Amino acid sequence: MDHSSHENSFHAHASHSHDLSNIRKSQKKALQVILVVNIALVVAQVIGGFLFNSLALLANGIHVLGDVATLIIALVAANLLERPATERYSFGFQRAEVLAAQINGIILIVISIPIAIEAFIRLTHPSQVVGSGVVAIALISLVVNTLAAFVLAKVGNGSLNIKAVFIHMATDALGAVGAVIAGILIIFYKYYFADPIASILITGLVFWTGWALLRDTTDVLLEAAPREIDSSKVAESLLALPFVSAVHHLHLWNLASNTPALSAHLVMEDETLHEAQFHVEQVKEMLSNSFDIGHATIEVECHNCEIDTAPKPH
């Protein structure tokens, strides 16, 4: 392998690490600001829910309380991401964000259940609600959560941890829309059923997003292949390299939510050790450029030794 190729690879890795560090700092700053705002918002919505007898506001308020817990967990995970790898935790603490996202998914599901139960009770026994108060607080919530979701979408960069918080903010914004509509129906038509109906729609959305988050985080923890990477295309790209005659033991997984990794055995016949090492660097460069896989472990073999070997087509 020539010196310039090695130097380019080193600088590319250093640049990627620096960019990732800046991204994580931006994410942490965004989480801190949104946490402060949400603490104020949960107080306003819970007080408003009791004052105006609105289950929709309470549903959103309790959801925002879940958001506060979510943000604290997300910030703890963000701090863990900054810790260096140790002898025991050789990959570092990158999966802390995945665990945080999974806890947040569970929180979303758990907080949706009691609100849904109360909403169904109110469908049979509707209560009078102060519509104007509901609309006022819901509009404030809508603006705050929409801005928070926009900021998180901008700094997310594929992070499941940030995605978890974004889902909380986005569902809160949609919930606020539901509360506004319910408040308007109450003001103009005295349609008190609108409040529990809005609550049921909000909790249904919360439950669904929590379930999706649990699915995605479980995939990472079970080391499933990333959804955005087609394993067969990776194998085809490896076999398309002129010095690779077969591929086997190909594994794809995520070290964290946005950190894909790969390991594979490649058959390179009639290669010297120096040539093989040079070609492995070319393989890693191809994987990084074509599939954004920055962590690859390649084992080189000089002949087919596995029944499940994928040979190069002739």
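Is Asp292 buried or exposed, and what is its relative accessible area?

**View 1. Asp292 in the loop between H8 and S3 of the predicted model.** Asp292 is exposed, with a relative accessible area of 53%, which lies over the 50% that marks an exposed residue. Its phi is near 60°, a positive value in a residue other than glycine. Most residues other than glycine have a negative phi.

**View 2. Lys190 in the loop between helix H5 (160-189) and H6.** Lys190, although it is not a glycine, has a positive phi of about 55°. This residue is exposed, and its relative accessible area comes to 55%.

**View 3. The packing of helix H3 (residues 96-124) with helix H6 (residues 194-221).** The two helices pack at an angle of about 155°, and their axes are 7 Å apart. Because angles over 145 degrees count as roughly antiparallel, H3 and H6 are described as roughly antiparallel to each other. In this pairing, H3 passes H6 in a left-handed crossing.

**View 4. The largest nonpolar core, which has 21 residues.** Within this core, Val234, Leu238, Val244, Leu262, Leu266, Val283 and Leu287 touch the most other members. At least two residues of the core come from each of H7, S1, strand S2 (259-267), helix H8 (273-291) and strand S3 (295-301), and H8 gives the most, with five residues. Leaving aside residues up to four places away in sequence, Val234 touches Ile229, Leu250, Leu252, Leu262, Leu287 and Phe291. Another core, of 13 residues, lies apart from this one, and Leu31, Leu71, Leu75 and Ile162 are among its residues.

**View 5. Asn254 in strand S1 (residues 246-256).** Asn254 is buried, with a relative accessible area of 7%. When residues up to four places away in sequence are not counted, Asn254 touches Arg95, Val220, Ala224, Pro226, Thr259 and Pro260.

**View 6. Confidence along the protein chain of the predicted model.** The mean pLDDT of the chain is 79, and 85% of its residues reach 70 or more. Among the elements of the chain, helix H7 (residues 231-239) has the highest mean pLDDT, at 93, whereas strand S4 (residues 310-311) has the lowest, at 52. Over residues 1-16 the pLDDT stays under 50, and for this stretch the model has six contacts beyond four places in sequence.

Key
Residues numbered from 1 in each chain as written. Predicted model: local features only at pLDDT ≥ 70, side-chain atom pairs only at ≥ 80, totals over all residues. Heavy atoms only, no water. pLDDT = per-residue confidence, 0-100. Helix = DSSP H or I, 4+ residues; strand = E, 2+ residues; numbered from the N terminus. Contact = heavy atoms within 4.5 Å. Buried < 20%, exposed > 50% of the residue type's maximum accessible area, 1.4 Å probe, protein only. Core = buried A, V, L, I, M, F, W, Y, C linked by side-chain atoms within 4.5 Å. Axes fitted to C-alpha atoms, helices over the stretch in contact; angles between N-to-C directions. Parallel < 35°, antiparallel > 145°, perpendicular 65-115°, else oblique. Left-handed = near helix turned anticlockwise from the far one by under 90°.
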